[in-house]
Amino acid sequence: MLHPKLGRVMNVVYYHSVAFALMSTTLRIRSCRKCLRLEKVSRAYTIYSFFVGIFLFLNLYFMVPRIMEEGYMKYNIVLQWNFFVTLFLRAIAVMGCYGTLWVKRHEIIQLYKYSLIYWKRFGHIMKAIVDKKELLDLQASLSRIMVRKIILLYSAFLCSTVLQYQLLSVINQQILLAFCARLTHFLHLLCVKMGFFGVLVLLNHQFLVIHLAINALHGRQARKKWKVLRSVADMHLKTLRLARRIFDMFDIANATVFINMFMTTINILYHAVQYSNSTIKSNGYGIVVGNGLIVFNFWGTLALMEMLDRVVTSCNNTGQQLRQLSDLPKVGSKMQRELDDFTMQLRQNRLVYKICGIVELDKPACLNYIGSILSNVIILMQFDLRRQRQPIKDRQYLIHLIKNKTRM
């Protein structure tokens with residue numbers, strides 16, 4: 001059972017991923033039956049994926065025009081180095097993303113097949129346990145969340161496009177080619193983040209459905225509760241393993257996304273500093289769009305962190321829902337055994353998201369992430385202050401020399 005709104009939103013995410021070859025193969029979507037099928041691995045799409053990856057990688061060459069000679073970066077060495085670091089990280093992101101898709105292609109296709117089998121198996125079970133209205137309300141709320149994320153991503157993209165166009169000092173074929181290459185990479189990063197959002201929304205949906213199933217056990221007959229609870233426990237374990245499998249399989253690709261988000265935010269804030277001290281000239285319209293870009297970029301970063309934290313929390317907080325069953329006055333021996341097994345399973349299996357198996361991404365890590373961005377921007381501002389003081393010292397030295405010559 002799938003709410004039509006959530007199905008349409010997931011179709012939008014799917015077609016964005018297909019357009020930028022972020023799928024190892026295509027899925028056949030049948031809207032009349034409201035189901036997904038993986039019937040045949042598309043060789044044409046594999047070739048298409050290869051050419052898209054090569055195209056994005058070669059696009060990096062065209063992102064370096066004569067901007068260092070004619071653009072606003074001409075006299076700012078910090079902006080130039082930031083640009084080259086961003087370019088290097090974009091190259092790593094392209095290689096990490098498409099390298100994962102090519103190297104782990106067969107594993108990802110098996111993951112698709114396993115996910116479809118999982119969805120069909122537990123879909124029928126949840127349809128028999130969970131109240132239909134509650135399930136549709138949950139899916140409708142998740143569809144609204146996903147729509148807001150898509151709007152947020154495109155708002156940041158539009159603000160960035162407008163500012164990038166305003167920063168063009170001269171317009172010629174080479175500059176426009178570099179501008180289009182940048183937009184292509186912005187769209188690629190947008191689609192990657194949208195796909196990540198979509199996966200997190202689906203995982204969050206499954207864990208919240210498990211919560212609804214546990215709550216629904218209160219109104220069921222005592223003789224059938226232990227069987228239903230065993231099915232719910234099995235679904236939770238399979239969902240947990242599926243989440244771990246997804247996180248592990250796309251670990252490198254997701255790590256490159258977070259690194260690029262980190263560098264992009266630093267660049268945006270440092271450009272804002274340049275606008276504020278009039279190093280980069282702009283009008284009122286550009287300032288409004290720039291402030292919008294800062295807001296949407298930070299909002300998008302926090303939204304991604306918050307969605308990831310929702311998935312981890314909804315998985316690890318299942319035990320709190322299970323305690324409600326333990327408080328029931330009459331619990332049979334079979335039911336008590338299933339409760340004990342489920343509780344032990346929850347204690348031994350907790351979901352944790354780590355970047356490259358090193359950094360655990362949770363709320364404190366999110367605050368450290370934001371703090372590191374601000375610290376790096378402050379460090380870059382010190383170079384600006386030093387660069388601004390240097391001409392003043394040179395001017396004072398020249399005045400001093402002129403005075404000494406006049407006295408002689």
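These legends go with a set of close-up views of a predicted model.

**View 1. The whole chain, before zooming in.** The protein chain carries 13 helices and 4 strands. Of its 408 residues, 48% count as buried. Take the contacts in the chain with a separation of 6 or more: residues 24 or more positions apart account for 84% of them.

**View 2. Helix α7 packing on helix α10.** Here we look at α7 (residues 173-216) and α10 (residues 284-316), whose axes sit 9 Å apart at an angle of about 30 degrees. Angles under 35 degrees count as roughly parallel, and therefore α7 and α10 are roughly parallel to each other. The crossing of α7 past α10 is left-handed. By class, the residues in this contact come out as 13 nonpolar, 4 polar and 1 charged. On the α7 side you'll find F196, F197, L200, V201, L203, N204, F207, L208 and H211. On the α10 side, look for G300, A303, L304, M307, L308, R310, V311, S314 and C315.

**View 3. The other partner of α7: helix α5.** Helix α5 (residues 105-129) and α7 have axes that come within 10 Å and cross at roughly 30 degrees. That makes α5 roughly parallel to α7. This crossing is left-handed. Sorted by class, the contact of α5 with α7 has 7 nonpolar, 2 polar and no charged residues.

**View 4. Helix α6 against α10.** The axes of α6 and α10 come within 8 Å and cross at roughly 145 degrees. Again, α6 passes α10 in a left-handed crossing. The residues of this contact split into 13 nonpolar, 7 polar and 3 charged.

**View 5. C315, a cysteine in helix α10.** C315 has its place in helix α10, and it belongs to the α10 set that meets α7. Its relative accessibility is 1%, so C315 counts as buried. Skip its neighbours within four places in sequence, and C315 is in contact with F207, H236, L240 and L351.

View 6. T318 is placed in helix α11 (residues 318-326). With a relative accessible area of 0%, T318 is buried. A polar atom of the T318 side chain lies 2.9 Å from the backbone oxygen of C315. The backbone oxygen of S314 is 3.3 Å from a polar atom of that T318 side chain. Not counting residues up to four places away in sequence, T318 touches I210, H211, I214, H236, F342 and L346. Two of the residues named here, S314 and C315, also turn up on the α10 side of the contact with α7.

**View 7. T265, a threonine in helix α9.** T265 is found in helix α9 (residues 251-276). It counts as buried, at 1% relative accessibility. Leave aside its neighbours within four places in sequence, and T265 is in contact with N297, F298, T301 and I373.

**View 8. A21, a loop residue with a positive phi.** A21 sits in the loop between α1 (4-19) and β1 (28-30). Its phi is positive, about 55 degrees, although A21 is not a glycine. A21 is buried too, with a relative accessible area of 0%.

View 9. Q336 has its place in helix α12 (residues 333-348). Buried or partly exposed? Q336 is partly exposed, since its relative accessible area is 35%. C-alpha to C-alpha, Q336 and W226 are 8.1 Å apart in space, while in sequence they are 110 residues apart.

Definitions and conventions:
Residues are numbered from 1 along each chain as its sequence is written. This is a predicted model: local features need pLDDT of at least 70, side-chain atom pairs count only at pLDDT 80 or more; totals for chains, interfaces and linings use all residues. Side-chain values use heavy atoms; hydrogens and water are left out. Axes are lines fitted to C-alpha atoms, for helices over the stretch in contact, and angles run from 0 to 180 degrees between N-to-C directions. Angles under 35 degrees count as roughly parallel, over 145 as roughly antiparallel, 65 to 115 as roughly perpendicular and the rest as oblique. A crossing is left-handed if the near helix is turned anticlockwise from the far one by less than a right angle, and right-handed if clockwise. Contact means heavy atoms within 4.5 Å. Ala, Val, Leu, Ile, Met, Phe, Trp, Tyr, Cys and Pro count as nonpolar, Asp, Glu, Lys and Arg as charged, and the others, Gly among them, as polar. Buried means under 20% relative accessible area, exposed over 50%, partly exposed in between (1.4 Å probe, protein chains only). A polar contact is a pair of N or O atoms within 3.5 Å; within protein, one must be able to donate a hydrogen and the other to accept it, and residues adjacent in sequence count only if both atoms are side-chain atoms.
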